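Please look at how the chains of this assembly meet one another. The briefing below goes through two interfaces in turn.

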There are 4 protein chains.
Amino acid sequence: MANSLGKLFKLTTFGESHGPAIGGIIDGCPAGYSLDFNAIQQELNRRKPGQSAIVTQRKEPDEVKFLSGIFEGKTTGASIGFQIINTNQKSKDYSDIKDTFRPSHADYTYTQKYGLRDYRGGGRSSARETANWIVAGAIAKQILSNIKIHAYTSSVGSLSLPNTYKSLDFSKIESNPVRCPDVTMANQMIDLIKSTKKKGDTIGGTITCVVQHIPIGLGEPIFDKLHASLGHAMLSINAVKGFEYGSGFEGSTMLGSEHNDAFEINGSTKTNYSGGIQGGISNGMDLYFRVAFKPVATLLQKYDTINKAGEAVSVQGKGRHDPCVVPRAVPIVEALTAMVLLDHTLLHNATKF
Amino acid sequence: MANSLGKLFKLTTFGESHGPAIGGIIDGCPAGYSLDFNAIQQELNRRKPGQSAIVTQRKEPDEVKFLSGIFEGKTTGASIGFQIINTNQKSKDYSDIKDTFRPSHADYTYTQKYGLRDYRGGGRSSARETANWIVAGAIAKQILSNIKIHAYTSSVGSLSLPNTYKSLDFSKIESNPVRCPDVTMANQMIDLIKSTKKKGDTIGGTITCVVQHIPIGLGEPIFDKLHASLGHAMLSINAVKGFEYGSGFEGSTMLGSEHNDAFEINGSTKTNYSGGIQGGISNGMDLYFRVAFKPVATLLQKYDTINKAGEAVSVQGKGRHDPCVVPRAVPIVEALTAMVLLDHTLLHNATKF
Amino acid sequence: MANSLGKLFKLTTFGESHGPAIGGIIDGCPAGYSLDFNAIQQELNRRKPGQSAIVTQRKEPDEVKFLSGIFEGKTTGASIGFQIINTNQKSKDYSDIKDTFRPSHADYTYTQKYGLRDYRGGGRSSARETANWIVAGAIAKQILSNIKIHAYTSSVGSLSLPNTYKSLDFSKIESNPVRCPDVTMANQMIDLIKSTKKKGDTIGGTITCVVQHIPIGLGEPIFDKLHASLGHAMLSINAVKGFEYGSGFEGSTMLGSEHNDAFEINGSTKTNYSGGIQGGISNGMDLYFRVAFKPVATLLQKYDTINKAGEAVSVQGKGRHDPCVVPRAVPIVEALTAMVLLDHTLLHNATKF
Amino acid sequence: MANSLGKLFKLTTFGESHGPAIGGIIDGCPAGYSLDFNAIQQELNRRKPGQSAIVTQRKEPDEVKFLSGIFEGKTTGASIGFQIINTNQKSKDYSDIKDTFRPSHADYTYTQKYGLRDYRGGGRSSARETANWIVAGAIAKQILSNIKIHAYTSSVGSLSLPNTYKSLDFSKIESNPVRCPDVTMANQMIDLIKSTKKKGDTIGGTITCVVQHIPIGLGEPIFDKLHASLGHAMLSINAVKGFEYGSGFEGSTMLGSEHNDAFEINGSTKTNYSGGIQGGISNGMDLYFRVAFKPVATLLQKYDTINKAGEAVSVQGKGRHDPCVVPRAVPIVEALTAMVLLDHTLLHNATKF
């Protein structure tokens with residue numbers, strides 16, 4: 001169950017970073033949709049390593065191959081199997097990390113939980129897994145073609161956009177490698193990531209996601225509230241430490257008289273502190289939320305840690321890693337958002353007949 | 001599915017605030033546990049209305065009656081049915097809100113989604129539902145008797161405890177009605193809530209939860225990470241706008257060299273920015289997280305809104321409502337935490353044989 | 001999970017035969033349906049004890065009380081909580097069966113599995129539970145008002161109707177207490193049950209169910225085939241030993257050239273060995289299946305068995321029990337059928353938008 | 001959801017008979033088990049086409065490739081991805097069946113349900129899918145190494161073994177291509193299948209499965225009874241029309257005084273009409289059940305049918321098909337049995353801590 005997301009539009013995944021392939025199965029995809037395969041690959045390209053100077057320089061083409069569920073270009077309603085070959089599995093020497101627990105990685109907890117671990121490059125805990133999500137999310141996006149999902153980097157370290165997205169030009173998001181729609185801020189963020197990288201260090205950041213033209217009525221009361229499903233999905237991304245929607249944590253400092261969203265005659269609201277969701281159900285206003293990412297744990301520095309035998313060891317961090325995970329996580333946030341919204345669309349739709 | 005939480009220890013609930021009763025069914029409760037019914041009622045008392053001057057003055061005894069699954073004081077492994085009679089369903093006149101959509105409530109979205117709504121006191125969207133969670137959580141707490149769960153009010157409006165919980169005395173939490181372990185701060189919070197109430201206004205706040213003595217290995221990789229399950233549960237509470245664990249949003253401003261938690265020889269860590277979870281799995285350190293609550297939407301003020309016919313109307317807010325939801329939400333946060341931890345204990349345990 | 005049936009229209013239940021009440025929660029019921037409460041009670045009456053001379057003479061009114069999810073007579077989309085008070089819990093002396101394992105009951109397996117059991121009248125393993133299913137099924141029937149479900153007693157012991165249902169008059173099913181549409185056969189069955197009862201013995205039988213006017217397209221491929229869902233539901237009924245649909249076990253003796261159902265021009269088929277389902281999906285023809293019930297294990301005879309201490313003991317069977325479970329199981333088969341069909345209607349409907 | 005089986009040990013599958021590959025993901029496999037890959041391939045060989053003169057002469061090596069979840073020969077607790085390449089996808093001309101609905105196939109219902117279908121060789125409805133189940137079942141068998149599962153052909157057409165399995169020598173099952181442990185009967189069955197094939201016809205049959213050394217306590221009350229899970233799984237196999245366990249349909253003709261299984265002092269029973277399950281829970285006796293298969297729908301004869309345009313057409317059946325599905329279905333029944341038993345082992349185990 002741990003490897004599935006969704007109730008009706010459901011992705012189940014497999015794959016280790018250094019196994020032969022990763023992949024997944026999408027169950028519950030509606031039938032009869034013509035897929036744009038270039039658009040799917042384009043989403044994978046937005047996530048893939050080596051795309052710019054501020055991300056890991058590993059090279060992976062990340063080409064998806066569909067194995068089922070699509071016939072003559074259309075979804076058939078059958079489960080969609082797909083895989084992405086791992087081309088970059090060098091027969092590397094892992095003896096240095098084989099028995100070592102890297103700080104703030106999953107090495108220690110996996111070993112404790114399972115009694116063994118695939119130590120090659122993080123194994124199942126690697127963020128390589130998220131490429132699978134991009135595939136399912138790209139399909140969901142195409143099916144929900146009326147809904148517009150815009151995620152962007154809203155902060156890197158202490159460099160932060162103001163909280164409102166109203167003045168932003170979303171068409172600028174892809175104009176720069178950090179995926180920040182404010183180009184001046186983008187350049188500062190890029191400089192910060194570069195200087196951090198130079199020191200062998202890493203840095204955290206946040207992603208904001210704005211969803212427009214979402215229909216009224218998505219989300220189920222009590223335990224499948226729309227924002228709870230979104231939060232669950234976002235908290236599944238490696239390195240995520242927090243999720244807030246609408247007014248979020250800042251909303252906790254406000255008065256009710258400030259925070260309440262008064263109605264317009266047409267059912268829209270004058271303000272939108274609710275973030276497009278009331279009682280767990282979308283109200284037709286923009287849905288927006290913010291996701292916090294911690295700095296990547298892998299440093300290109302020397303550090304002290306322990307090994308399986310419980311001995312202190314000193315390790316030199318090396319390899320090709322992201323100094324900041326946020327730019328490549330933007331399409332991941334979008335993909336999960338699309339998956340959650342399609343799942344809730346199906347759930348909502350089920351009882352309308 | 002919308003009314004269930006958990007995979008193996010699973011609570012399913014029903015009930016409207018002004019129906020004859022609310023209640024639930026707990027499926028998957030381990031057999032053979034002697035229950036302390038007084039302790040369960042005590043948890044309900046911590047949540048119930050009318051318990052102090054800073055919460056709603058409604059009177060509800062909130063007495064739970066168990067209907068099955070317990071025999072001679074012990075759990076039998078059968079599903080546990082329970083109910084809490086609604087004693088406070090006055091045959092009140094609801095004509096004023098029957099056709100009105102209150103701002104930032106679920107009135108509008110429920111009506112749009114379902115085509116009708118039970119308008120009496122919020123119906124299914126009422127936070128009265130959370131009394132059901134307290135029951136299941138109280139049972140989970142007893143089964144997980146080794147684990148200590150401490151939730152407390154960490155902020156009201158702008159009055160906020162510092163981020164660390166290390167200097168706090170958890171035994172003081174229940175010493176004051178706002179449930180803040182810092183008694184000086186508690187008094188300021190109480191004053192703020194009282195003055196807010198006097199204006200007919202409401203105010204938000206945050207709850208921090210610290211879990212101690214949690215075993216290593218709870219949490220499943222990828223989509224059932226321990227913090228994702230906790231986040232999902234917390235985001236299910238009425239009025240919650242955000243969830244963060246460990247370093248949280250602040251962690252997004254840090255460098256990797258600051259944020260990484262170096263190991264001690266025994267597998268514990270020197271710092272705990274990870275918040276007790278690495279790779280989605282508990283590492284034996286304290287688990288801690290923070291939950292943001294918006295201000296209650298119901299004001300005792302006059303306000304403008306719309307009705308079902310799409311007309312502008314003016315409404316006078318009245319009734320007995322919480323000026324700040326946070327003090328009564330403390331036991332709710334604990335209950336959900338216990339439920340999630342027991343569910344993950346069962347999941348983890350399933351494959352160990 | 002063990003106490004829930006269905007994926008989208010989902011019933012979760014609780015209750016022991018001699019606890020204060022049994023009941024359930026229906027999650028996923030579509031909103032806006034006006035319920036006929038008399039029709040629900042009428043279905044309960046068809047199952048209830050004491051209804052005729054050939055069933056148990058226990059008296060239970062089996063009145064259902066709805067606690068939520070219905071407002072002004074209509075379903076609201078919220079979970080529907082309901083309960084049926086156990087009025088017939090005599091403060092009886094159970095010392096004779098408390099430590100005894102009755103043959104072919106669940107006494108032994110429950111005790112082994114859970115370490116303890118509620119020994120009063122079968123506890124959770126009592127068929128009293130099925131009254132809960134009647135409630136959910138009666139609601140499902142009303143929502144699926146176009147579909148006609150006819151279950152009837154097709155055999156008692158060796159007295160058996162011929163395999164085809166084509167010549168039967170379903171309007172006669174309720175004309176006799178054994179619920180067999182062939183009145184001559186019904187009288188023979190009644191005589192057989194009475195003579196069996198006189199000897200303190202019990203006897204098995206079968207129920208056939210015919211569903212008419214079922215839409216094309218219900219059922220999901222691979223693991224949620226319509227007949228697999230029906231089989232799962234029927235095999236959940238106490239005392240059921242087998243399930244077959246369409247040609248069933250007899251079909252295993254046939255040639256393909258005999259068994260294939262040739263198409264008419266309009267898509268219907270000339271024969272219907274398929275039983276209305278092809279590839280797991282309804283094809284619009286009558287769906288029919290047969291369910292086998294073993295004889296009730298409780299005999300009014302003296303028998304030898306063992307107790308918890310592993311000693312041989314002799315027990316005198318007593319009480320008010322059904323000599324044949326089949327007549328009262330007819331509405332149970334119908335109820336489960338309606339629940340499965342509504343669940344599959346919602347599943348099928350989810351992706352049509 | 002339609003493409004998954006199991007709650008904790010869960011297989012999700014994909015693949016069409018003439019796509020590039022079929023495959024699956026096993027979620028919830030316990031960690032630390034060394035797998036015998038030859039044994040897995042051996043199970044696949046028992047199912048694969050072309051293995052004897054009485055099955056389809058199609059050639060498929062059916063070699064499974066594992067892509068994840070196994071490291072240095074051991075299961076890691078991560079999801080196990082696998083695939084089986086379809087080597088036999090001839091670029092055949094499907095124009096004859098493209099628009100035709102073959103009788104008693106899924107052509108008509110898939111087209112009606114989804115609006116389109118992959119017409120190449122049955123697409124998703126092909127029994128080729130069952131090769132995926134063999135892989136998961138073979139792994140489950142290895143983990144449940146103490147439990148012995150013996151399935152065998154118990155009838156072909158009207159040639160039927162007597163109901164009891166007590167005198168059978170299970171070691172003879174694999175000694176003949178029809179997989180019947182009674183060699184004399186096996187030869188008669190083989191002759192019957194051959195003569196049926198010669199006429200271009202097909203024939204049905206039954207498989208009996210006996211499970212020995214099953215622990216007491218597997219199975220969950222109410223809706224996850226062990227036999228309901230087994231029935232659900234068996235009814236998922238293509239061509240299955242019925243399932244019975246223990247006394248089955250014959251049990252419905254018996255008296256309670258005949259059918260009750262009296263206890264021995266040690267808790268075993270003198271007879272076993274219960275089939276090893278009481279109240280849905282295994283009692284430690286042999287578990288046995290029988291599965292009915294209809295004759296294969298594809299005949300090598302000329303037949304009349306209709307096409308998508310609703311016109312009558314005449315089609316000449318051709319190709320390489322099984323005259324009787326039963327011999328190749330024996331390992332499928334075993335695989336599903338192993339999967340269900342492992343899933344219930346995990347479910348049972350979850351609450352024991």
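**Two interfaces in a predicted model**

Strand β12 of chain C (residues 240–245) pairs with strand β12 of chain D (residues 240–245) in the antiparallel sense, over three bridges. Here strands are DSSP runs of E with at least two residues and helices are runs of H or I with at least four, both numbered from the N terminus, and two strands count as paired if DSSP finds at least two bridges between them. Within this pairing, F243(C) stands opposite F243(D).

The model is predicted, so that local features need pLDDT of at least 70 and side-chain atom pairs count only at pLDDT 80 or more, while totals for chains, interfaces and linings use all residues. Residues are numbered from 1 along each chain as its sequence is written, chains are lettered from A and ligands numbered from 1 in the order in which they are written, and side-chain values use heavy atoms, with hydrogens and water left out.

**Chain D with chain C**

- The contact, meaning heavy atoms within 4.5 Å, takes 98 residues from chain D and 98 residues from chain C.
- About 7700 Å² is buried between chain D and chain C, and carbon and sulfur atoms give 61% of this area; buried area is the accessible area (1.4 Å probe) that two parts lose on being put together, summed over both.
- In chain D, the residues that lose the most area to chain C are K113(D), F223(D) and K241(D), which together make up 12% of what that side buries.
- The rule finds two salt bridges across this interface of chain D and chain C, where a salt bridge is a side-chain nitrogen of Lys or Arg within 4 Å of a carboxyl oxygen of Asp or Glu.
- A salt bridge joins the side chains of K113(D) and E220(C), at 3.1 Å from N to O.
- The side of chain D that touches chain C has 38 nonpolar, 43 polar and 17 charged residues, with Ala, Val, Leu, Ile, Met, Phe, Trp, Tyr, Cys and Pro counted as nonpolar, Asp, Glu, Lys and Arg as charged, and the others, Gly among them, as polar.

**Chain B with chain D**

- Here 14 residues of chain B are in contact with 14 residues of chain D.
- The area buried between chain B and chain D is about 1100 Å², with 69% given by carbon and sulfur atoms.
- In chain B, N349(B), A350(B) and F353(B) lose the most area to chain D, together 46% of what that side buries.
- Between chain B and chain D the rule finds zero salt bridges.
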